[in-house]
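I opened the model to look up a few residues and surface patches. My notes follow in the order I took them.

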Amino acid sequence: MTRQINLALQGGGSHGAFTWGVLDALLEDERIGIEAISGTSAGAMNAVVVADGLMRGGREQARISLDQFWRTVSDAANGSLIRRSPLAVLMGTWSLDTSPGYLAFEAMSRTFSPYQANPLNLNPLRDVLISSVNFEQVRHCDAVKLFISATNVHTGRVKVFDGHELTADMVMASACLPQLFQAVEIDDVPYWDGGYMGNPALFPFFQGCDSADIMIVQINPVERRDTPDTPQEIQNRVNEITFNASMLKELRAIEFITRLIDTGQLTSAEYRKMHLHIVSNEELLNPLGATSKLNAEWGFLQMLRDAGRKSALQWLEENFASLGQHSSVDLREMFQG
């Protein structure tokens, strides 16, 4: 029997290749049906690639399309000056902390805005996306529902674009970091990265989907045991907290509603009990650091893909029976601290 799930895909630059691996394993497993995907930034890109692949040739084509997309991303980055330094290669770290190109870029971004440094608003990733995805097919996709989050610059509120209206600009809006790129305007409204207000948004699943199972593919650390003490580490941790805040708020609300249903204060006829699941690999992802999210070397992407696939397979082996029955994550314990 097929178990239908909803997928929540976080943004995180090249760390989205971990999500690629998770998707590859889920698409391979015929026991899993994907009703809907909510995605932000790299999660949004993975989502539209899957939808396009499903329309072109089903689950196997979706797996092939993901592989092709990430290969194209890596190929497009081959000529970039933002790459690992010889020291990082020698030490076997994927970080760009010692990359002259990255350090120069970071210094420039602190002095000049994208409107000054990149007046032509060039973005190679947009070209990769357009060459990889047929958005006309995505808009007509009936195999999976899509919800793509971006942040309205004027109001500060989340905007969720429905799959049936999706354009490349909407996906790029979901991935628009304001320090790097000019705001993406859609119908005269400027948008920034969806991670600020929905990384990703979970509420579209509550009324728009039949499945009560939400699987979050987590690539942004929620907890860290070490206290950051350098300017870069402090800024990186601030960004992690900011990009997780909206999702944690939604998870806390789900935990609260679930508790009220369990204690009989709310009825399941009025409110639906959601089942939460998380696929992650904190042991691998947490030590990588923020700068590695800009590293698109093929070897790095392959490593992340393999780790994502392994994590998903392990989750399925240990928790498949919980689908449709109960959460595999103890949200109450998560928020006790």
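For a charged patch, I took residues with over 30% relative accessible area and no salt bridge, like charges being joined within 9 Å. Asp and Glu count as negative. The model is a predicted one.

Entry one, the charged patch. I looked up which residues form a negative surface patch. I found D162, E165, E185, D187 and D188. I then placed D162 in the fold: this residue belongs to strand β4, which covers residues 158–162. The patch cut-off is over 30%.

I turned to L87, L90 and M91, which make a nonpolar surface patch of about 370 Å². I located M91 in helix α3, residues 86–91. Is M91 buried or exposed? I recorded M91 as exposed, because its relative accessibility is 60% and exposed means over 50%.

L323 has 1% relative accessibility, so I listed L323 as buried; the cut-off for buried is under 20%. I next asked which residues L323 touches, leaving out those up to four places away in sequence. My list for L323 reads R3, I5, I32, D213, H277 and W315. Last, I checked L323 against G208: the two are 115 residues apart in sequence, and their C-alpha atoms are 19 Å apart in space.

Notes: Residues are numbered from 1 along each chain as its sequence is written. This is a predicted model: local features need pLDDT of at least 70, side-chain atom pairs count only at pLDDT 80 or more; totals for chains, interfaces and linings use all residues. Side-chain values use heavy atoms; hydrogens and water are left out. Buried means under 20% relative accessible area, exposed over 50%, partly exposed in between (1.4 Å probe, protein chains only). Contact means heavy atoms within 4.5 Å. Patches are made of residues with over 30% relative accessible area and no salt bridge: like charges are joined within 9 Å, nonpolar side chains (Val, Leu, Ile, Met, Phe, Trp, Tyr) within 5 Å. Accessible areas come from the Shrake-Rupley method with a 1.4 Å probe; for residues, only the protein chains shown count as cover. A salt bridge is a side-chain nitrogen of Lys or Arg within 4 Å of a carboxyl oxygen of Asp or Glu. The place of a charge is taken as NZ of Lys, CZ of Arg, CG of Asp or CD of Glu. Helices (H or I, at least four residues) and strands (E, at least two) are DSSP runs, numbered from the N terminus.
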